[in-house]
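User: I would like to go through this model label by label and ask what each label rests on. Please set each value against its cut-off before drawing a conclusion.

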Amino acid sequence: MAATALDVSWQRAAEGLDEASLRALLAGEIPAVRMEGFASAEQCRAFCAAIRASAPTGRAAATARMTLIGANFSNYAGESKEGYFEQVEPSYEAVGAIAARAGFDPLQRMIERLRAIWPAHVGIATEPGHGRYFAGGIKTRTTSGNLHYDFAPHTAPGFAIAGIVDQLGWNLYLDMPRSTGGTTTYHR
């Protein structure tokens with residue numbers, strides 16, 4: 001029987017990242033993979049302190065209830081290639097300064113974990129003639145987010161990333177209130 005949006009078995013995340021769980025995630029067989037211990041409590045506190053101490057913050061989008069450090073492509077879709085790529089290296093500098101202040105780089109850690117378990121190339125997408133895309137944005141939320149999807153084949157016509165087959169999005173929750181909501185992943 002094929003999984004449906006109401007299939008409870010599809011709603012369970014895999015515990016631990018390995019090649020099998022990543023293949024299941026990319027095939028749409030599971031909604032998520034949880035990586036217990038990706039960062040220690042001390043690393044999370046240090047990263048939060050580094051974010052608070054940083055100056056660069058901006059509104060992620062006109063309708064977003066968050067601030068964003070970094071030029072995540074989904075927040076800049078519709079701009080020219082030149083307009084978007086002018087923001088990439090300054091974004092890496094801003095996020096890199098926070099990671100250096102915190103003493104660890106979550107993006108680099110995630111790439112290393114993926115490279116350790118995946119047989120094919122793992123890295124940040126590049127645009128011919130422009131360089132690498134931005135990855136590793138830092139979002140600060142104080143309220144819920146709007147229902148949305150970030151899928152490059154739909155949001156990036158004319159960009160190299162429009163031709164991707166699989167896209168991985170991930171979140172590192174650094175600080176969570178005691179009473180909080182949840183994240184809903186739809187099987188679409």
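**Labels and their grounds**

Analyst: Glu15 is exposed, with a relative accessible area of 56%. This is a predicted model, and the values that follow are computed from it.

User: What makes Glu15 and Arg34 a salt bridge?

Analyst: The closest N and O atoms of Glu15 and Arg34 are 2.9 Å apart, and the cut-off for a side-chain nitrogen of Arg and a carboxyl oxygen of Glu is 4 Å, so the pair qualifies. Because Glu15 belongs to strand 1 (residues 14-15) and Arg34 to strand 2 (residues 33-34), the pair ties together parts that are 19 residues apart in sequence. The search of the whole structure finds five salt bridges.

User: How do you know that Arg45 and Glu42 are separated by about one helical turn?

Analyst: Arg45 and Glu42 are three residues apart in helix 2, and therefore about one helical turn separates them. Their side chains meet in a salt bridge at 3.3 Å, N to O, which is within the 4 Å limit. Arg45, with a relative accessible area of 51%, is exposed because the threshold is over 50%, whereas Glu42, at 48%, counts as partly exposed.

User: Which parts of the chain does the salt bridge between Glu89 and Arg132 link?

Analyst: The side chains of Glu89 and Arg132 meet at 3.1 Å, N to O, and this pair links distant parts of the chain, with Glu89 in helix 4 and Arg132 in strand 6 (residues 131-132), 43 residues apart. Both residues lie between the 20% and 50% limits, since Glu89 has 38% relative accessibility and Arg132 has 34%, so each counts as partly exposed.

User: How do you know that the buried residues of helix 4 line one face of the helix?

Analyst: The buried residues of helix 4 are Val88, Ser91, Tyr92, Ala94, Val95, Ile98, Ala99 and Ala102. Seen down the axis of helix 4, these residues fall within an arc of 165 degrees, and so they line one face. On the other side of helix 4, Glu93 and Ala100 are exposed.

User: How does the span of helix 4 agree with what its residues should give?

Analyst: The 15 residues of helix 4 should span 21 Å at 1.5 Å a residue, and because the end C-alpha atoms are 21 Å apart, the two values agree. Helix 4 is followed by Gly103, whose phi is positive, near 90 degrees.

User: Why is Ser91 called buried, and which residues does Ser91 touch?

Analyst: Buried means under 20% relative accessible area, and Ser91 has 9% relative accessibility, so Ser91 counts as buried. Leaving out residues up to four places away in sequence, Ser91 touches Gly70, Ala71 and Phe134, and a polar atom of the Ser91 side chain lies 2.9 Å from the backbone nitrogen of Ala71.

User: What makes Leu114 buried, and where is Leu114 found?

Analyst: Leu114 is found in helix 5, and its relative accessibility of 10% is below the 20% limit, so Leu114 counts as buried. Not counting residues up to four places away in sequence, Leu114 touches Leu17, Leu22, Val122 and Leu168. Leu114 and Asp18 are 96 residues apart in sequence, yet 8.3 Å apart in space, C-alpha to C-alpha.

User: Which residues have the most contacts inside the largest nonpolar core, and which elements contribute to this core?

Analyst: The largest nonpolar core has 40 residues, and those with the most contacts inside it are Phe47 and Tyr84. Helix 1 (19-26), helix 2 (41-53), helix 3 (81-85), helix 4 (88-102) and helix 5 (106-117) each give two or more residues to this core, and the largest share, seven residues, comes from helix 4. Apart from its neighbours within four places in sequence, Phe47 is in contact with Ile98, Ala99, Ala102, Phe104, Pro106, Ile138 and Leu174.

How values were computed
Residues numbered from 1 in each chain as written. Predicted model: local features only at pLDDT ≥ 70, side-chain atom pairs only at ≥ 80, totals over all residues. Heavy atoms only, no water. Core = buried A, V, L, I, M, F, W, Y, C linked by side-chain atoms within 4.5 Å. Buried < 20%, exposed > 50% of the residue type's maximum accessible area, 1.4 Å probe, protein only. Helix = DSSP H or I, 4+ residues; strand = E, 2+ residues; numbered from the N terminus. Contact = heavy atoms within 4.5 Å. Polar contact = N/O pair within 3.5 Å; in protein donor to acceptor, adjacent residues only side chain to side chain. Expected span 1.5 Å × (residues − 1). Arc of directions from axis to C-beta.
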